[in-house]
Amino acid sequence: MFRLYQTLIDIAFVLCFLFGSRQAQACMGVGLEFTLFFNADDQPLFVDNLRQKPSEAKGLVEFPPDADLVAEVTLIGENTASLRLPVAAKIKRIIKTTDSRVREGEKIPIKFAFTSCGPNHVNGDKGTILAKVGTDIEDNLVLCMYSRRFSDGRIEWPDYSDCLPDEMEAAKQTKLAAEKGDVRAQIALGSLYEKGTNARQDNAEAIKWFLRAAASGDADAQYALGAKYRRDQNATEALKWYMLAVDQGHAEAMYELGQMYEYGKYGVKKKVEETVKWYKLAAGEGHTAAIRNLGRMYKVGAGLKKDYGEAEKWYRLGAEKGDAESQFFLGKILCGEKLDDCGRNKEEAVKWLTRADEQGYFGAGSALVELNKSDLERSAKSGDAKAQYELGYHQYYNGINRTEGINWLKLAAEQGHGRAINMLGEMNGFYSHGNRNSDEEAKWYRLGAEKGDAESQCNLGRMYQAGWNGKRNYEEAVKWYRLAAEQGYGKAQYYLGLMYQSGTGVERNSAEAVKWFTSAAEQGYLPAIITLAEMYLLGRGVDRNYAEATKWFGAAAEKGDRRSTVAFESLRRYF
């Protein structure tokens with residue numbers, strides 16, 4: 001029992017560093033896609049035990065077997081577009097419930113996932129909802145809301161810790177432990193109150209618990225309190241607590257102090273000397289972002305005299321740690337800003353730019369092309385499709401000569417070069433500069449996809465998922481994601497994993513989702529790495545495995561993801 005109790009506290013502690021308020025995710029479709037209401041033509045959408053698919057049900061949707069409540073409500077409170085604000089539902093009429101604690105006339109806080117596709121509800125909206133019923137750490141009721149996709153009526157399940165039994169129990173055990181003086185629990189509890197997760201959102205209560213933890217002298221607690229005051233724009237208190245954490249060698253506190261002084265944020269004035277001082281201290285602790293920032297400051301002369309020797313030193317240190325941005329700028333320093341002064345440094349510059357390009361760093365591929373431009377032009381003119389593609393991509397993507405770039409890409413495409421074909425699709429879509437032509441975009445993607453180009457297959461899958469022709473086709477999306485994924489394309493493997501995880505276009509299958517997330521993560525695709533780390537930490541779709549969570553958060557940290565860095569350090573310290 002003690003082991004379970006301690007495990008729950010450990011989870012809550014790591015989560016408080018990892019997760020901020022929920023962020024709106026990008027909408028892949030056009031227009032509002034999700035709603036919290038399940039009404040159509042003012043008629044309820046619910047019947048028990050309906051086995052039809054939503055698309056076949058003609059206005060009727062099956063009552064999810066794990067939903068606790070169907071009710072007519074009025075939404076009340078503040079703007080639902082910000083999930084940090086309290087929002088509630090007043091229960092007008094209970095249609096069906098499995099929880100006797102819910103009563104008509106009550107006002108109950110609600111939790112839901114918000115994206116740029118909705119839900120776009122406002123105060124006073126009325127409708128019928130589906131919800132799971134949970135409780136916060138003070139045993140107050142919370143409704144975790146299902147949402148409905150307009151395009152096909154598909155129900156999206158809620159995924160909020162307030163209504164997940166393990167995490168509800170973790171929050172309650174965290175509160176008990178905090179009251180008994182457990183420092184990690186006190187930090188976690190302060191975070192829960194600040195974010196309104198498993199608790200009412202209460203800034204004063206959050207500060208109270210952060211203060212209790214910091215009073216113990218724990219460096220993480222002092223940092224957490226400093227970060228809280230920084231978010232509250234209280235520079236005096238932020239600096240005080242950061243300094244106490246710094247005295248114990250807390251690298252993230254050092255870095256945050258550097259950030260505050262560099263940008264004059266959170267109530268402090270810009271001070272270059274203080275910025276460099278704190279970045280150097282953090283760099284001495286191996287903090288990758290601090291190392292990179294020192295390279296940038298010396299390179300551009302940000303309040304300092306430009307010093308390319310110092311810039312090269314810091315960028316080299318970051319490059320050797322695997323930081324793509326440091327690798328890119330080290331390559332450019334070795335050959336001059338215009339890449340026309342390499343001398344004997346060309347081979348090394350190519351090495352670092354290639355490593356940055358392999359990590360997908362923007363501009364690295366074009367820099368490599370520029371370094372080899374004369375050779376590429378000769379090869380392109382002699383009919384080499386790869387050279388034609390690289391030259392065309394460089395000229396179009398960087399705005400050097402888009403017309404000539406298109407001509408080179410078309411020449412490569414005529415020879416069946418898959419990436420050139422894909423780029424012609426992207427020119428009508430992602431990189432169309434405001435003149436998107438979805439039909440033309442899809443035409444090129446399909447041509448590339450049918451020739452076996454994995455990137456084209458993935459992009460065609462995304463178009464089917466988004467509904468480029470006004471109709472979403474999730475089965476087709478899965479088909480093309482799978483073809484690309486089976487070729488080892490990391491992004492497609494990640495998207496295919498998401499489809500299995502959510503049961504979109506395929507039967508929901510956690511094992512398949514983990515399989516594809518793992519394949520993408522092993523290739524270094526950052527969203528997959530983070531997703532996999534969170535799954536192992538929370539035990540969602542897999543058994544909880546702190547060693548695996550630590551491994552994958554560490555991999556994300558090496559790629560510069562700051563939240564993963566903090567989570568990795570916390571996991572490594574306590575597990």
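Start at A89: its bridge partner in strand β8 is I108. Keep in mind that this is a predicted model.

**The barrel**
- Strand β7 covers residues 87-97 and strand β8 covers residues 107-111; the two run antiparallel, with 3 bridges joining them.
- In general, the strands of a sheet pair up through backbone hydrogen bonds, either parallel or antiparallel.
- β7 and β8 belong to a set of 5 strands that close into a barrel, and going around the order is β6-β7-β8-β10-β9.
- The pairing in this barrel is mixed.
- From one strand to the next, the twist averages 55°.

**Helix α17**
- Helix α17 spans residues 418-427, and it's largely enclosed by the rest of the structure because 9 of its 10 residues are buried.

**The whole chain**
- Count up the elements and you get 25 helices and 12 strands in the protein chain.
- Of the 575 residues in the protein chain, 51% are buried.
- Take the contacts with a separation of 6 or more: 54% of them involve residues 24 or more positions apart.
- The protein chain exposes about 26500 Å², and carbon and sulfur atoms supply 48% of that.

How values were computed: Residues numbered from 1 in each chain as written. Predicted model: local features only at pLDDT ≥ 70, side-chain atom pairs only at ≥ 80, totals over all residues. Heavy atoms only, no water. Pairing = 2+ DSSP bridges. Helix = DSSP H or I, 4+ residues; strand = E, 2+ residues; numbered from the N terminus. Axes fitted to C-alpha atoms, helices over the stretch in contact; angles between N-to-C directions. Buried < 20%, exposed > 50% of the residue type's maximum accessible area, 1.4 Å probe, protein only. Contact = heavy atoms within 4.5 Å. Areas by Shrake-Rupley, 256 points an atom, 1.4 Å probe, with all protein chains shown as cover.
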